[in-house]
Amino acid sequence: MQLENLGLYYWAIAPEIIVSVVGVIIMMVDAFSSRGARKLNAVIALAGLIAALVSVVMLDGLGSGSYFSGMVVIDPIRIFFSVTILLAAIVAALLASQFLKDEGLPPGEFFSLLMFATAGMLLLAGAGDLVTVFLGLEIASITSYVMAGYRRYDLRSNESSLKYFLLGSFSTAFLLYGMALTYGAAGSTNIQKITAAIASGQVNYPALLLIGAALMIVGFGFKIASAPFHLWTPDVYEGAPTIVTGFMGTGPKVAVFAAFIRVFVIGFGPQDSEIGIQLHTTWVTVLAVIAALTMTIGNVIAISQKNIKRMLAYSSIAHAGYALVGFLTGDFAPVAFYMLAYSIMSLGAFAVIQLLARAGDQRTEIADYAGIGFEAPALSFSLAIFLLSLAGIPPTAGFMSKFYVFKTAWDMTPELRWLVLVAVINSIISVYYYLYPIVVMFFRPLVPGFIKPRIAGMTMIALILTLLGTFYLGIMPNRLMNAMSRPPAVVTQITVK
Amino acid sequence: MLKWIILAPLIGAIINGLVGKRLNERLIGLIACASVAVSTALAFIVFFTQLLPLPAEKRVITEHFFTWLSVGNFRADFAYMLDPLSGVYILFITGVGLLIHIYATGYMHGDPGFYRFFTYLNLFMFMMLTLVLADNLLVLFVGWEGVGLCSYLLIGYYIDRKEAGDAAKKAFVTNRVGDFGYMIAMFMVFVTFGSISFVAKDGVPGFLEQAATRPVEAFGVFGIMTGIALLLFVGATGKSAQIPLFVWLPDAMAGPTPVSALIHAATMVTAGVYLTARCSAVVVKSPTAMAVIAVIGAATAIFAATIGLAQNDIKKVLAYSTVSQLGYMFLACGVGAFTAGIFHVMTHAFFKALLFLGSGSVIHGMHEEQDIRKMGGLRKYMPITFATMMAGWLAISGFPLLSGFFSKDEILWQTWATGALPGGWGKALWGVAALTALLTAVYMTRMMVLTFFGKERFGAGHDAHHAAGHDEGHGHHGKPHESPASMWIPLAVLAVLSIVGGLVGIPKALGGSNHFEHFLEPVIARVQTADNGHAVEPAEAAPAAVATAAPAHPAEEVHDTSTELALTGLSVLLGFLGIGIGFGIFNRNPLKKMPTLLENKYYVDEFYDAAVIGPIEHTSRDLLWKVVDVRIIDGFVNGVARLFAGLSDLLRFTQTGYARNYAAVILIGAIIVISYFGYIAAR
């Protein structure tokens, strides 16, 4: 057997390789260098992530195809989601340096964990087979569990980590079982072959396939924090170090959405066979209900939160709901755009929160923000912009991404217009709690004991990048939208090379 | 090139906004004025060297900045368009704007927020130019909201004065009501025509061109065109202070006087007229909407003029005068004489900016006194201000051959001769407009007489006021004084423009050739009646040409000019009569008590308080507040939010903090999802 037939083409997984190798290098450097080489770790990590970003862009030049016996694919979904994942990782790496210094935490492990988590997410975004989906998901999840508990001496951080681990394992079991049943029904774990089996009606036990899909919805639903599988989110987000929260809320979610799209939107898309149609209509119905529930629960509970991290945790639940609306259009582009916009504004908000919280996350109550508007104007205005963007006020990324998702859903899926209306009403509700911290910051008397935080150079770069991104996507989204709207048909016609 | 006209003031605003705090006044003023000067120069160059040489039917210059978004069939570009209509606007916006910027460097001298003021003022110029140069309704709306924001910031500029804050809020809220109409209209335009652009894009003709091919909706018929036209007009009533949304403009005088001159007289408030003229192709399809616009315009004109008679604050008089003159402009649009409306916009920009700046000079010279009852005899102390304001006063009163005379006379004549409205309406509206012209001359004369003529009524009372008053910055008490050169030079320039500005549009009846009207004609739709509307052919050549080959203008050729001349003579007579009455009464008895009803502005504010604001407050306080939760609520908005917060608290109980409970919820959710799939499988 010749190697070429297996598609062993290592360039196809270049980003994953780069990021993993850099993770190992950082461990080595950390083991053999003196203390205080924190900056060096950050620089190596950033260099690795940027190299990976370049390799992702080069992958785009290879054209669509699948490699390693169909385990890995290259298609626009992978490209766009990988870019988002890497951007999130870059911002996290920029922020980590100051965070680790202020907290006095060991830098080496953090950066290597960040790299391994990123590798897992990239694999997830490029997975063409249920086995690689699972592999990527586990790599990303296990490293996230550790990162959530990174502040070892802090009880809240431990609690966060443990809860995430227990519930994550519980939900992974559903996902794995769902994959097993799907394999039993379709006779393959390769997503394209599963699609082909469904399209030709050659499914062993249709019931098995449907139950398999249901179980996978539970598994994926947990990872993207959709209702009613969302309960872990606020506790985990609140307890984890703020920067980890920011990263967990964006990177893994983006990656899971990519895999979710590839399995459901592409794999279980509307096929011509009876079982194909049945499967498609069923999951669309269920996910539409889940989307409506998710945004409503996320937004409504967010209103009564007193802690800004918890509030943003519920906000992230709500945003997963909006992204699901895009998911149901059958096109990946609205989701990809939405997740990119969400990642940028959410990371920006968490960056400011981390700075204001000070070491040990002491000040994360909204009451702690009273009157700081004119004491720390740069930070307060940045936070206000990120919150307004999350609320979907033009001319920010948040507005444009919502507009894009809602407009596409309204045009392409007339039967789901009710869901668009629910989403619009939800965005109106959400304005209330996003404005609340802004009101507190600018119109309340100054809270005693406020110390203006120091902003390190790398943190400043991260803030500027996220701010620019928020406005760029809000004002000039067209280039990206055009790039994304390459016909999704290409995605389904990949041949095994 | 077009984009630099727009961007130059933005650059000025950015520089002053970022580093203005550290610069000295001279430099800030220089940056602000220079940025507007660049824009003015470019505007004149583009207008005279690029737009004018084009053949009349093809006078459109477009410039694509970038595509904002294009989702599905919805497309919005950041693109600019210069045609005769926007050309006229940019000339007087940049020209008058530049003069006011120069004036403001003198007027705002010594103000602690100097850089903030000029940042806002430059930002306003940027937004206003975006508004008039936009090539589609969405970009126009960006400018529309932008000028609203700047207006809000500048009305509330004196942050330490409560009335300024209240006035800013009032302007903001009132304008939102109008904007709501605009947004619905924009949505309807998109649904109806599949385009919101004024020019053709991607082979889709602009909506104005499409509208031109539609049949006219008969009077009283409520079709889609009537709906769009009326909703656009709702937007216009907000921005241009027409009944019933005019209440914010007089209060807006709480802002610095240059702002009143630039934003609340010359430019922003005429945006509504611009919108109506821009969309004239839609408006002329609906005689119903035109009648509404004409009646509201005429009613506003006379209503505000009567209030203007009894005001004692010099800026309030001018504010009501502005409302009244804006009414004239809408009357012109309503009777189908859009070009006459735009003509009046331009001449009004000259003489009203002049009057406002003059009043600013008076206020400055009187050490922040605004009450004309406490002035008098100022002509001795402020000769230049007096001489220049004379020009403005005579222009607005319709003194023959001054700018206001031509434009106002054109509106009066077109109203009389209109073919757009059912028979008799034109004559009745002409009556209202002519009476308004008389009143205008009276109240303007009253203001001039009380300010500049008669005995000096300041002195002891003035000083007493001063001690308790708000002016600590000037420091030099005493006699009124003439203003510095940076203030009177713009006055002089505007005075010249107020005198000769009307000469571009001398009507045929008076031996002119009305260049102005012919210049604007290609972009303005002609009035059609239901009969000839069907026969109209769409104009093919020019992309933005909405002109339709309708039959000859009703006002031209058909009538012999004797009626027109007679009416002109009559309006001249009314002007002189008004000035005579004004002098006769107020020179003898300057402090004559005016009717209380007028002095209190017909109690409109009180009526709104009682009829709109009161009930809302009442409901929120006595119903929602007490029903929902008394302890935590601050007001109405929070009341609604409380409902959700209650629900939120309820739902929060699901968040126990125990991992086992979470697992149980996940399990229940999983069982429901699996059961549903199982049910489908078993079916």
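I began with S39(B), which, leaving aside its neighbours within four places in sequence, is in contact (heavy atoms within 4.5 Å) with I5(B), A8(B), P9(B), T94(B) and L129(B). This is a predicted model, in which local features need pLDDT of at least 70 and side-chain atom pairs count only at pLDDT 80 or more, while totals for chains, interfaces and linings use all residues. Residues are numbered from 1 along each chain as its sequence is written, chains are lettered from A in the order in which they are written, and side-chain values use heavy atoms, with hydrogens and water left out.

I then placed S39(B) in helix 2 (residues 25–51) of chain B, helices being DSSP runs of H or I of at least four residues, numbered from the N terminus. S39(B) counts as buried because its relative accessibility is 0%, and buried means under 20% relative accessible area with a 1.4 Å probe, protein chains only.

Next I turned to the interface, where 47 residues of chain A are in contact with 35 residues of chain B. The area buried between the two chains (accessible area, 1.4 Å probe, lost on putting them together, summed over both) is about 3600 Å², and carbon and sulfur atoms give 77% of that.

Last, I looked for salt bridges (a side-chain nitrogen of Lys or Arg within 4 Å of a carboxyl oxygen of Asp or Glu) across the interface of chain A and chain B, and the rule finds 0.

How values were computed. Helix = DSSP H or I, 4+ residues; strand = E, 2+ residues; numbered from the N terminus. Buried < 20%, exposed > 50% of the residue type's maximum accessible area, 1.4 Å probe, protein only.
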